[in-house]
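Work through the exercises below with the sequence and the model open. Each task is followed by a solution in steps.

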Amino acid sequence: MSASAIFILDLKGKVLICRNYMGNMDMNQIDHFMPILMKREEEAEITPLVCHGSTHFLWLKHSNLYLVAMTKKNANAALVYAFLYKIIQVFKEYFKELEEESIRDNFVMVYELMDEVMDFGFPQTTDSKILQEYITQQGHKLEVGAPRPPATVTNAVSWRSEGIKYRKNEVFMDVIESVNLLVNANGSVLSSEILGTIKLRVVLSGMPELRLGLNDKVLFEITGREKSKTVELEDVKFHQCVRLSRFENDRTISFIPPDGESELMSYRLNTTVKPLIWIESVIEKYSHSRVEIKVKVMMSRSQFKSRSTANNVAIMVPVPSDADSPKFKTSTGSAKWVPEKSMVQWNIKSFSGGKEYLMRAHFGLPSVDSEELEGKRPITVNFEIPYFTVSGIQVRYLKIIEKSGYHALPWVRYITQSGDYQLRTN
């Protein structure tokens, strides 16, 4: 069992729109939701699920709205929350921004969507591309020949329409890895992880089947092949198009892809990552006088070949909030003061492996010290490294099989970028 009813409330708890899917609950029970939530907030005991007798409210806050699912008992909470996040995504695809005004302006459309995305408490078609084929902006107008739902709604392959045709058949695949890293002032890595996603842009005719091969450690162990450079993927999450039973049996990623752009899979690697971009900093504060900052940045020689390049590097160095009169000197790129964030941002457009660059900054300080003690904030770094993955994941093959036998071109691109990348200072 999933949700008995779904409500969209404003910040005061007034019902904007609701849909009773199962008819097994008193809809007036929603009146108890806001008082219980406000009481929990006052007591600092706020939880994602609140109860009133045998009624359970599973809720999310988005912008100036509350989305609340109401259920009696034995509901699959993970399914309900996944559904609530999914309908937020669907509404944003239709209205660009999901807030109280967009709900009021499009309530007929919202009712139509709520009718389609869930039936008798169970999620149905939640793919916005498929919904947009038959719930259009003029969907609430009365027409003599009402549009019939496309076959994709009742089809086994609900994420792809039939009869798609292109003159040139291609698949573009992006393997994107984000690096989360925290380094202490002594240079030791305190925490690190890699979050990866594989994104597709599919320009293929008909109903093609794709098979993707990765240098997956488990696959090589199953097949008994020794390979030094394999990757052990954790927390793998697939798009609904992937045949999970086949993946669990022989680790083959086989699927009929959605048309256009989609995220095929995501994964995580909880592994020790050496810093890709290393920073040495000296921040000297002379009270009532000035702050002098010296920052040296370099790309790790052990991680990169000299031809590897980091693009759009931005190094954010914290400065005291009462600093003023900035002066900068950089060996490359440009530095600017961002007073609203109390930091210096040093931008380097392109940064080759093995190179080192230096920035010096000088700030004035007021003659009177602030009474508030400021915490030591870390240096944060943003960057993007093309043609490189930290984990060493590789696409071994991408096969495209279609009954008409056309020739299609697969294109694969690798990108590593910064996630939450922080280096603490002395």
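Predicted model: local features only at pLDDT ≥ 70, side-chain atom pairs only at ≥ 80, totals over all residues.

**Exercise 1. Describe the chain as a whole.**

Solution. Step 1: The chain has eight helices and 23 strands.

Step 1: Of its 426 residues, 44% count as buried. The accessible surface is about 23200 Å², and carbon and sulfur atoms hold 48% of this surface; areas come from the Shrake-Rupley method with a 1.4 Å probe, and for residues only the protein chains shown count as cover.

Step 2: Take the contacts (heavy atoms within 4.5 Å). Among those with a separation of 6 or more, 70% involve residues 24 or more positions apart.

**Exercise 2. Which residues touch the most other members of the largest nonpolar core?**

Solution. Step 1: A nonpolar core is a set of buried Ala, Val, Leu, Ile, Met, Phe, Trp, Tyr and Cys residues joined through side-chain atoms within 4.5 Å.

Step 1: The largest such core has 65 residues, and Leu-212, Ile-315 and Val-381 touch the most other members. Strand S8 (residues 170-183) gives the most to this core, with six residues.

Step 2: Ile-315 has contacts that include Ile-279, Val-297, Trp-346 and Val-381, leaving out residues up to four places away in sequence.

Step 3: Another core lies apart from the largest one; it has 33 residues, among them Leu-16, Leu-84, Ile-88 and Ile-135.

**Exercise 3. Examine the aromatic pairs and say how two of them are arranged.**

Solution. Step 1: Rings of Phe, Tyr and Trp (its six-membered ring) pair if their centres lie within 6.5 Å; planes under 30 degrees apart count as stacked, over 60 as edge-to-face and the rest as tilted. The structure holds eleven such pairs.

Step 1: Phe-33 and Tyr-66 have ring centres 6.1 Å apart and planes at 75°, so this pair is edge-to-face. The pair links distant parts of the chain, since Phe-33 is in helix H1 (residues 33-42) and Tyr-66 in strand S5 (residues 65-71), 33 residues apart.

Step 2: Phe-33 is buried at 0% relative accessibility, and Tyr-66 is buried at 4%.

Step 3: For Phe-328 and Phe-363 the centres are 6.0 Å apart and the planes lie at 75°, so this pair is edge-to-face. Phe-328 is in strand S17 (residues 324-330) and Phe-363 in strand S20 (residues 356-364), so the pair ties together parts 35 residues apart in sequence. Phe-328 is partly exposed at 30% relative accessibility, whereas Phe-363 is buried at 0%.

Step 4: Phe-33 and Tyr-66 also belong to an aromatic cluster with Phe-57 and Trp-59.

**Exercise 4. How many disulfides does the structure hold?**

Solution. Step 1: A disulfide is a pair of cysteine sulfur atoms within 2.5 Å. The structure holds zero disulfides.

Step 1: Cys-51 is partly exposed, with a relative accessible area of 36%, while Cys-241 is buried at 4% relative accessibility.

**Exercise 5. Is Phe-238 buried or exposed?**

Solution. Step 1: Phe-238 is found in strand S11 (residues 234-238). Its relative accessible area is 17%, so Phe-238 is buried.

Step 1: Beyond residues up to four places away in sequence, Phe-238 touches Leu-244, Phe-247, Ile-253, Leu-264 and Met-265.

Conventions: Residues numbered from 1 in each chain as written. Heavy atoms only, no water. Helix = DSSP H or I, 4+ residues; strand = E, 2+ residues; numbered from the N terminus. Buried < 20%, exposed > 50% of the residue type's maximum accessible area, 1.4 Å probe, protein only.
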